[in-house]
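Here's a quick tour of a helical model, written to be read with the coordinates open. Take a look at the fold before going on.

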Amino acid sequence: YRKIELDVGLVITRIIHIVAGSFWMGAAIYLAVLLEPRIRATSGGDLERQLLNKTSKLNSLWITSAAVVTMLSGFALVSTTPGRSMSDIGSGGWGTMILIGIMTSVTAFFVSGAAGAFTAKLRRGLESGDADEADLAIYRSKLTLLGYLNAILVVVAVSTMATARYA
């Protein structure tokens, strides 16, 4: 019989980190691969405007919140995991993987913000009718590019974090 000591705070922090990170990654992939292309397939107009109005602000709130919770809980994990500390970031296999994860997470966060800005421009352009088709096409193409880039970055971040313990 072996007694196992459980650090409840560390376990809860890890669960929060994993759930928020999974939500962030899943939402990024869903938006880039499924939702955004389907919205574009509506050929613009009223349906596209309605879909953007109903989804974009809510998506932004949930995804931004998940990203912030993921990053904050990640830093908490680094500082509370036995045998690890912030000074390990960037050194050795584990620290290098964590550093890559941090850099891609932060980059994805800002890419997501840029996508949100283009979504807002597209939504305003569709609502007001002031944007011409060329402007709307630019907003749509940038949204597509940023959506895929964000999804890739979040997948890289999660992958490096998940494999860091084995590095």
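Is the crossing of H3 and H4 left-handed or right-handed? It's left-handed. Keep in mind that this is a predicted model.

**The H3–H4 pair**

Two packed helices are described by the angle between their axes and the distance between the axes. Here, helix H3 covers residues 92-128 and helix H4 covers residues 133-164, and they pack at an angle of about 160° with axes 7 Å apart. Angles over 145 degrees count as roughly antiparallel, so that's the label H3 and H4 get relative to each other. As for what sits in the contact of H3 with H4, the residues split into 23 nonpolar, 10 polar and three charged.

**Two buried residues**

Glu48 belongs to helix H2, which spans residues 45-80. With a relative accessible area of 0%, Glu48 counts as buried. Leaving aside residues up to four places away in sequence, Glu48 touches Ile39, Arg40, Thr42, Leu122, Leu126 and Arg140.

Over in helix H1 there's Ala32, which is also buried, because its relative accessible area is 4%, and buried means under 20%. Again skipping residues up to four places away in sequence, Ala32 is in touch with Pro37, Gly147, Tyr148 and Ala151.

**Aromatic pairs**

Searching the whole structure turns up three aromatic pairs. One of them joins Phe23 and Trp62: the ring centres are 6.1 Å apart and the planes sit at 55°, so this pair is tilted. The pair links distant parts of the chain, since Phe23 lies in helix H1 (residues 8-40) and Trp62 in helix H2, 39 residues apart. Phe109 and Phe110 make another aromatic pair, this one edge-to-face, at 5.7 Å centre to centre and 80° between the planes.

| Residue | Relative accessibility | Class |
|---|---|---|
| Phe23 | 38% | partly exposed |
| Trp62 | 52% | exposed |
| Phe109 | 26% | partly exposed |
| Phe110 | 58% | exposed |

The cut-off for exposed is over 50%, so Trp62 makes it at 52%, and Phe110 does too at 58%.

Technical notes
Residues are numbered from 1 along each chain as its sequence is written. This is a predicted model: local features need pLDDT of at least 70, side-chain atom pairs count only at pLDDT 80 or more; totals for chains, interfaces and linings use all residues. Side-chain values use heavy atoms; hydrogens and water are left out. Axes are lines fitted to C-alpha atoms, for helices over the stretch in contact, and angles run from 0 to 180 degrees between N-to-C directions. Helices (H or I, at least four residues) and strands (E, at least two) are DSSP runs, numbered from the N terminus. Angles under 35 degrees count as roughly parallel, over 145 as roughly antiparallel, 65 to 115 as roughly perpendicular and the rest as oblique. A crossing is left-handed if the near helix is turned anticlockwise from the far one by less than a right angle, and right-handed if clockwise. Ala, Val, Leu, Ile, Met, Phe, Trp, Tyr, Cys and Pro count as nonpolar, Asp, Glu, Lys and Arg as charged, and the others, Gly among them, as polar. Buried means under 20% relative accessible area, exposed over 50%, partly exposed in between (1.4 Å probe, protein chains only). Contact means heavy atoms within 4.5 Å. Rings of Phe, Tyr and Trp (its six-membered ring) pair if their centres lie within 6.5 Å; planes under 30 degrees apart count as stacked, over 60 as edge-to-face and the rest as tilted.
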